[in-house]
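Please keep the sequence and the 3D view open while reading.

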Amino acid sequence: GDRFDPDVCDVAWNVAVDQLRDAAKQAGGSMSAWLLACWSTLLALLTARTRVTIGCLFENRRLDAVQHAMGPYATLLPIALSHDANTPFAEVVQLADRLIEAAGAHQELWAGDAGDASGVSLPLAFSCEQVDHLFTAQRWSIDRPALHLAAIHTNDRLQLRLLYDRSRVAS
């Protein structure tokens, strides 16, 4: 329904950001794409799906109409990744990188290849942002996904937060 019951689960992961950047570079993508590919692969394995569509958080501040507007003008753009037992993980990372770049460049027109997504509200989400200091508060996109992995990092530390809507996720 319309009820929104947000909650957060912090995920402990003791890894240096430099190590993640190196792993992403070896796979041929950005750290954000590498983390998205990990999230998508985990969801594919847990749900036994070969294709997972995840809404990636974009700020939409490139649009002239919202450059100086107050409030959260963030939206989820669909990124669909296919998972096949024969596809190397590096290929998933590289595809994620290309799709993130394309979605960011054309976000006002981007529909991606959403497949099973309704185009209105994506139940799965991902965001990756660099900040000066790690913090505990996390903003929600206006799409209110059921399950959102937020990767927040400084130059040297990474914090993973699983944001979820308790009214839409079974306990």
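This is a predicted model: local features need pLDDT of at least 70, side-chain atom pairs count only at pLDDT 80 or more; totals for chains, interfaces and linings use all residues.

Which residues are exposed on the other side of α3? They are R98 and E101.

## Helix α3

Helix α3 covers residues 89-105, 17 residues in total. From its first C-alpha to its last it reaches 24 Å, close to the 24 Å expected at 1.5 Å a residue. Its buried residues are V92, V93, A96, L99, I100, A103 and G104. Viewed down the axis of α3, these buried residues fall within an arc of 130°, so they line one face of the helix. R98 and E101 are exposed on the other side.

What lies over the buried residues of α3? The cover includes the helices α1 and α2 as well as the strands β2 and β3.

Helix α2 comprises residues 31-47. Buried in α2 are M31, A33, W34, L35, L36, A37, W39, S40, L43 and A44. After the helix comes A48, which has a positive phi near 60°.

The count of aromatic pairs comes to one. W34 and F89 have ring centres 6.3 Å apart and planes at 90°; because planes over 60 degrees apart count as edge-to-face, the pair is edge-to-face. W34 belongs to helix α2 and F89 to helix α3, so the pair links distant parts of the chain, 55 residues apart. The relative accessible area of W34 is 14%, which makes W34 buried, whereas F89 is partly exposed at 32% relative accessibility.

## The loop between α1 and α2

G29 sits in the loop that runs between α1 and α2. With a relative accessible area of 17%, G29 is buried; the cut-off for buried is under 20%.

Which residues does G29 touch, leaving aside its neighbours within four places in sequence? They are A24, V93 and D97. V93 is also one of the buried residues of α3. G29 and R98 are 69 residues apart in sequence, and their C-alpha atoms are 8.5 Å apart in space. R98 is exposed in α3.

Strand β2 consists of residues 51-58. Seven of its eight residues are buried, so the rest of the structure largely encloses β2.

β2 pairs with β3 (residues 75-82) in the antiparallel sense, through eight bridges. With strand β4 (residues 124-130), β2 pairs in the parallel sense, over two bridges. Here G55 stands opposite A125 of β4.

## Salt bridges

Side chains of opposite charge can pair when their charged atoms come close. How many salt bridges does a search of the whole structure find? The search finds three.

One of them joins R166 to D7, with the closest N and O atoms 3.4 Å apart. This pair links distant parts of the chain: R166 is in the segment after β6 (158-165), D7 is in strand β1 (residues 6-11), and 159 residues separate them. R166 counts as partly exposed at 41% relative accessibility, and D7 is partly exposed with a relative accessible area of 24%. Another salt bridge is formed by the side chains of R161 and D10, at 2.5 Å from N to O. R161 lies in strand β6 and D10 in strand β1, so this pair ties together parts that are 151 residues apart in sequence. R161 counts as buried, at 6% relative accessibility, while D10 is partly exposed at 46%.

D18 and R21 also form a salt bridge, with the closest N and O atoms 3.8 Å apart. Both residues lie in helix α1 (residues 17-27), three residues apart, which is about one turn of the helix. R21 is partly exposed, with a relative accessible area of 31%.

Terms used. Residues are numbered from 1 along each chain as its sequence is written. Side-chain values use heavy atoms; hydrogens and water are left out. Buried means under 20% relative accessible area, exposed over 50%, partly exposed in between (1.4 Å probe, protein chains only). Helices (H or I, at least four residues) and strands (E, at least two) are DSSP runs, numbered from the N terminus. Two strands pair if DSSP finds at least two bridges between them. The expected span of a helix is 1.5 Å times one less than its number of residues. A salt bridge is a side-chain nitrogen of Lys or Arg within 4 Å of a carboxyl oxygen of Asp or Glu. The arc is that of the directions from the helix axis to the C-beta atoms. Contact means heavy atoms within 4.5 Å. Rings of Phe, Tyr and Trp (its six-membered ring) pair if their centres lie within 6.5 Å; planes under 30 degrees apart count as stacked, over 60 as edge-to-face and the rest as tilted.
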